[in-house]
Amino acid sequence: MTNEGLLRFQKSRPCTGEEIRQAFLAFFGDRGHQVMPSASLVPEDPTVLLTIAGMLPFKRVFLGQVEAPSARATTSQKCIRTNDIENVGITARHHTFFEMLGNFSFGDYFKEEAIKWAWELSTEVFGLSPANLVISVFREDEEAESIWRDVVGVNSERIVRMDEADNFWSSGATGPCGPCSEIYYDFKPEMGSETIDLEDDSRFIEFYNLVFMEYNRDSEGVLTPLDKKNIDTGMGLERMAQILQGVPNNYETDLIYPLIKVAEELSESNYKQLDSRGQISLKVIADHSRAITHLICDGVSASNLGRGYVLRRLLRRVVRHGRLLGIAKPFLACMGDAAIQLMKSAYPQLLERRDVILAELQREEARFLETLERGEKLLADLLSSNPNQIEGKDAFELYDTYGFPLELTQEIAEENDLSVDIEGFHAAMDKQRQRAKAAAISIDLTIQDALDAIAVDSSATRFRGYEVLEHKGTVQALLVNGEPAQHGTAGDKVEVVLDITPFYGESGGQVGDRGELIGDGLRVQIDDVSRRQDVFIHSGRLQLGDLSIGDEVNSCVDQSSRRRAQANHTSTHLLQAALRQIVDADIAQAGSLVDFDRLRFDFHSPRSLTTIELEKVEKLINLWIADAHELNVQQMNLEKAKAAGAIAMFGEKYSDSVRVVDVPGVSMELCGGTHVSNTAEIGLFKIVSESGIAAGIRRIEAISGMSVLKYLNERDLVVKQLSEKLKTQPNEIVDRVLSLQDELRAMSKDLLSVTEELALNKAMTLVTQVQTIGSTSVLIKRLDGVGGDALQNAARQLLDQLGDSAAVVLGGVPDLVHPDKVVLVAAFGETVVSGGLQAGKFIGAIAKLCGGGGGGRPGFAQAGGRDAARLDIALEAALRRLTEELT
């Protein structure tokens, strides 16, 4: 080999994960491929939850929607998959986070070059012996087989033909597709070629997949050759590391094993000496630590939806497996820091966002530990009802909702002489898996709807909305009532694509413009403008006349709406600048909405803002508005813009030439939205609210311009009405309300005292209704309109009067106006308790009949319920159970 880029690898073959990654990229870089950085785990494609394959960042290129960055490209792409999460740590090769090394050709080279280079890379750069390699090809791909056999020189006995299920890649029922060929490593070549079974994971591992994207499949299943044939390959970094490092599984490579060692120290265990279950837990902790660190780095926050749910589930699995290993203290931040240190050379952004990552890990772990405690309480309630066993659905609820390990549920059940319905648990888990699979999103390169279809068939729209609000344009494509059409008439709902438009298409958080399309006897009311890549789609209704493809129209943007959107967009830039200046210089945007009448700004922050901070932010922004700063907007080279201090949205992909919006001395951001020319045009700025929307994410909602006047007028009216009702001056309203609150608290206290006294008096009259069961005095009665505290006092007084051989159970609906809650109290004397009855377990089981639960001490306990209609049934059940127990 003579390529300069590979000379440094010739002295010894690549072995470490870092060396393998660099060798791959250098190999293809020397062959004319543009070496590109890994894309974010949060893909641009809205149909895909996470980046699950190395080719996903190039989806739009393969579809012909955007120009390729280069005719050839190579990447080391970080990916996450969770569809087989239960296999992580169990098999040798399943992971949630993995890196896919890939080389891509966009209409340039094809099969022969891809195959020859794959072989050269595998045998000469990585030094794999041909005797250890087996090739698979699609059963009908004679061309690929002949290249492997006749050009590369692979023994035909080491080439295996596979069916469509294994070796034909397709994006879906329709769309791009083609055969693929794979390279397998044979760990036992001495077994010969006669016994090759590529399904045997103990002998073979697939490490390189070559996809030959050469056909398009239509709705009838007919394959048509593509004009431009593409190459999409993928080599698993972790798999190649396992092969070259000679370890039994991916987890023991230098890409993951250092994290296992950290988990060993935290759990005071030894990986080599643990049983299989212990080793699985260490592997899960190590694998998931890589995944959660990268997810947070790419802007994902834990939540119960979408990507946030994926992150939360992975985080909780790490904590759960840590507890199985005996790690009692919080440790996620320690694992996250170890993952950052391990991967920082390949992904320097991990180090840049270290504080954000560790803070999110600490917050989410603390929240989960609280959830675990609630799970423990739920399990205690289940046990208090004296079941024959823990039902499978209950064990799964503890596992799935509260993160309670099945093993821990079994251990606690055994301590109470109970078993767990394991079959029922697995049945509930299978149902959950089926629901998850039904909801899963996979790579889909087909066009999903008519809007995408017309976008693909249309040329890019030329946008003139920065300069003018009116411009002539020609209709390129048309949807009428949701269907592609050549012609529309008055009353139709239409989507219109023009060759040129002044209408801003929704993007970057800013909503699309409103306005009209005007022609000779024609008027189309435009309510929204969206974007599909670089195609602007104008949505609205045909108010007057007819519209056809090829018609020329005059596009008129509603000036009032545009002005308000511009003011709100510039306000978001000022808001971010003010937050950085007053709250934290490292505050980063997490999302935004720029509407006509309001704006919303989401940002990373571990805490809420104080009232004083919000006042300072608002005041500073209004000072900048009053200072009448002229905005400077220009196109710049990306690197030059960043060097000048322009703020880029984290995780956003930018072209080499970017639009920079500069408020001199105040703010400089990369932004494609529309803005005012001078900050004075904004008028006024007012913060309406500040709140938390997810762990570590805060949201400020605000208004500007005329919306502020409307907001103030509405509140002025409220103040006037309050002054009139309270018969006081506006500046005295607060004092008057505080005074009324004090009066109300005093009256409520008096009322509570009277209510409790009445409850006691009423309860004392119940002594005459005591039943004697065996040698025990039993009183079970309903007292409505009495609060929980008063009911407790009544039960204690009755028990004191009846003595140690007594059992008192009282229940009632405390609020008769809103009878949706039930309170239950049980008080048992010492003799009753010594006989084996416990108030906590007893009343908890009774409360379940009212849709609730609770518990307490053996002699005294309180419970609650949500179904007041079943209170009488519950009290009757209490009498029956006491009768059974006492006789």
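What follows is a dialogue that takes a few features of this predicted model in turn.

Me: Where do I start, and how many helices and strands does the chain have?

Reply: Start with the whole chain. There are 25 helices and 35 strands. The C-alpha trace spans about 100 × 80 × 50 Å along its principal axes.

Me: What share of the residues is buried?

Reply: A residue is called buried when its relative accessible area is under 20%. Of the 887 residues in this chain, 49% count as buried. Another overall figure concerns contacts between residues at least 6 apart in sequence: 67% of these join residues at least 24 apart.

Me: How do I read the length of a helix, and what span does α10 reach?

Reply: Compare the distance between the end C-alpha atoms with the span expected at 1.5 Å a residue. Helix α10, residues 332-343, has 12 residues and reaches 17 Å, close to the expected 16 Å.

Me: Which residues of α10 are buried, and what do they pack against?

Reply: The buried ones are Leu332, Ala333, Met335, Gly336, Ala338, Ala339, Ile340 and Met343. They pack against strand β3 (97-106) and against helices α7 (257-267), α8 (276-297), α9 (306-324), α11 (349-352) and α12 (354-384).

Me: Two of those, α9 and α12, also pack on one another. At what angle?

Reply: For a helix pair, read the angle and the distance between the axes. The axes of α9 and α12 are 10 Å apart, at an angle of about 65 degrees. Angles of 65 to 115 degrees count as roughly perpendicular, so α9 is roughly perpendicular to α12. Their crossing is right-handed.

Me: Which residues make that contact?

Reply: From α9 come Leu311, Arg312, Leu315, Arg316, Val319, Arg320 and Arg323. The α12 side includes Glu360, Glu364, Phe368 and Leu372. By type, the residues of the contact divide into 7 nonpolar, 1 polar and 9 charged.

Me: How does the pair α3 and α4 cross?

Reply: The axes of α3 (residues 111-125) and α4 (residues 142-152) come within 10 Å and cross at roughly 50 degrees. That angle makes α3 oblique to α4. The crossing is right-handed. Lys111, Glu112, Ile115, Lys116 and Trp119 in α3 meet Glu143, Ala144, Ile147, Trp148, Val151 and Val152 in α4. These residues divide into 7 nonpolar, no polar and 4 charged.

Me: Where is alanine 628, and what is its phi?

Reply: Alanine 628 sits in the loop between α18 (611-626) and β25 (632-637). Its phi is positive, about 55 degrees, although alanine 628 is not a glycine. At 34% relative accessibility, alanine 628 counts as partly exposed.

Methods. Residues are numbered from 1 along each chain as its sequence is written. This is a predicted model: local features need pLDDT of at least 70, side-chain atom pairs count only at pLDDT 80 or more; totals for chains, interfaces and linings use all residues. Side-chain values use heavy atoms; hydrogens and water are left out. Axes are lines fitted to C-alpha atoms, for helices over the stretch in contact, and angles run from 0 to 180 degrees between N-to-C directions. Helices (H or I, at least four residues) and strands (E, at least two) are DSSP runs, numbered from the N terminus. Angles under 35 degrees count as roughly parallel, over 145 as roughly antiparallel, 65 to 115 as roughly perpendicular and the rest as oblique. A crossing is left-handed if the near helix is turned anticlockwise from the far one by less than a right angle, and right-handed if clockwise. Contact means heavy atoms within 4.5 Å. Ala, Val, Leu, Ile, Met, Phe, Trp, Tyr, Cys and Pro count as nonpolar, Asp, Glu, Lys and Arg as charged, and the others, Gly among them, as polar. The expected span of a helix is 1.5 Å times one less than its number of residues. Buried means under 20% relative accessible area, exposed over 50%, partly exposed in between (1.4 Å probe, protein chains only).
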